[in-house]
Amino acid sequence: LAIDVYGPICDNAGGIAEMAELPEAVREKTDALDAAGNTTAAIGKGFAIGSAALVSLALTAAFVTRTEVLENGVNMLNPTVFAFLLVGSMLPYWFSAMTMKSVGIAAMEMVKEVKRQFDTIPGLLEGTPGHAPPDHARCIKISTDASLREMVPPAVLVMTAPILTGMFFGVEAVVGLLAGGMASGVQLAISASNT
């Protein structure tokens, strides 16, 4: 965690130095720290992806061991297993799309609130001295409420997909779903961390 947050902290320090109109030498130092922070952020992402891949592999192995599904083997050419291998490989993309849509919805709520405050608080947009303070608490509430509300559908997707698959299609279908989700999720995580 410390490795991962070093970069954003250095980046924020550089932004504060720039906004405070500190000497150029300060900005040069914060830029050097920010470059090191980018490296540590990449290392942190690599650790996170690797540990997530190992945890998902361990959980899948525990599921397979507990259900004893491998005693007879899992035929990947079985239509049900193959179909759920494809469904499982689509789940990380569906989850990502849902979270990106949620971010857009939350951001639009924030934009509307900021516009409302600019329209209703005289002098706020112009920065006139002595204007009424902006309503920070309302913006924080919008952000917090939206983050909690909008993460419910992606969480429901992740939790119910294996349960419903097992209930309606059996254990072998769940093995296909987990294998597809694991392979696709690791690839998606690596791609997302490098863009």
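Is the crossing of α3 and α4 left-handed or right-handed? I found the crossing of α3 and α4 to be right-handed, meaning that the near helix is turned clockwise from the far one by less than a right angle.

I note that this is a predicted model, in which local features need pLDDT of at least 70 and side-chain atom pairs count only at pLDDT 80 or more, while totals for chains, interfaces and linings use all residues. Residues are numbered from 1 along each chain as its sequence is written, and side-chain values use heavy atoms, with hydrogens and water left out.

Entry on the pair. I looked up the axes of α3 (residues 79-120) and α4 (residues 136-150), which come within 10 Å and cross at roughly 160°. That makes α3 roughly antiparallel to α4, a term used for angles over 145 degrees. In contact (heavy atoms within 4.5 Å), I listed residues of α3 including I105, A106 and M110, which belong to the set that meets residues of α4, among them C139, I142 and A146.

Entry on α1. Helix α1 (residues 2-19) has 18 residues and reaches 26 Å from its first C-alpha to its last, close to the 26 Å expected at 1.5 Å a residue. I found G7, C10, G14 and A17 of α1 buried (under 20% relative accessible area, with a 1.4 Å probe and protein chains only). They cover an arc of only 95° around the axis, which puts them on the same side of α1. On the other side of α1, A2, I9, I16 and M19 are exposed (over 50%). The buried residues of α1 pack against α2 (24-67). Just after α1, I noted that E21 takes a positive phi of about 55°.

Note on methods
Helix = DSSP H or I, 4+ residues; strand = E, 2+ residues; numbered from the N terminus. Expected span 1.5 Å × (residues − 1). Arc of directions from axis to C-beta. Axes fitted to C-alpha atoms, helices over the stretch in contact; angles between N-to-C directions. Parallel < 35°, antiparallel > 145°, perpendicular 65-115°, else oblique.
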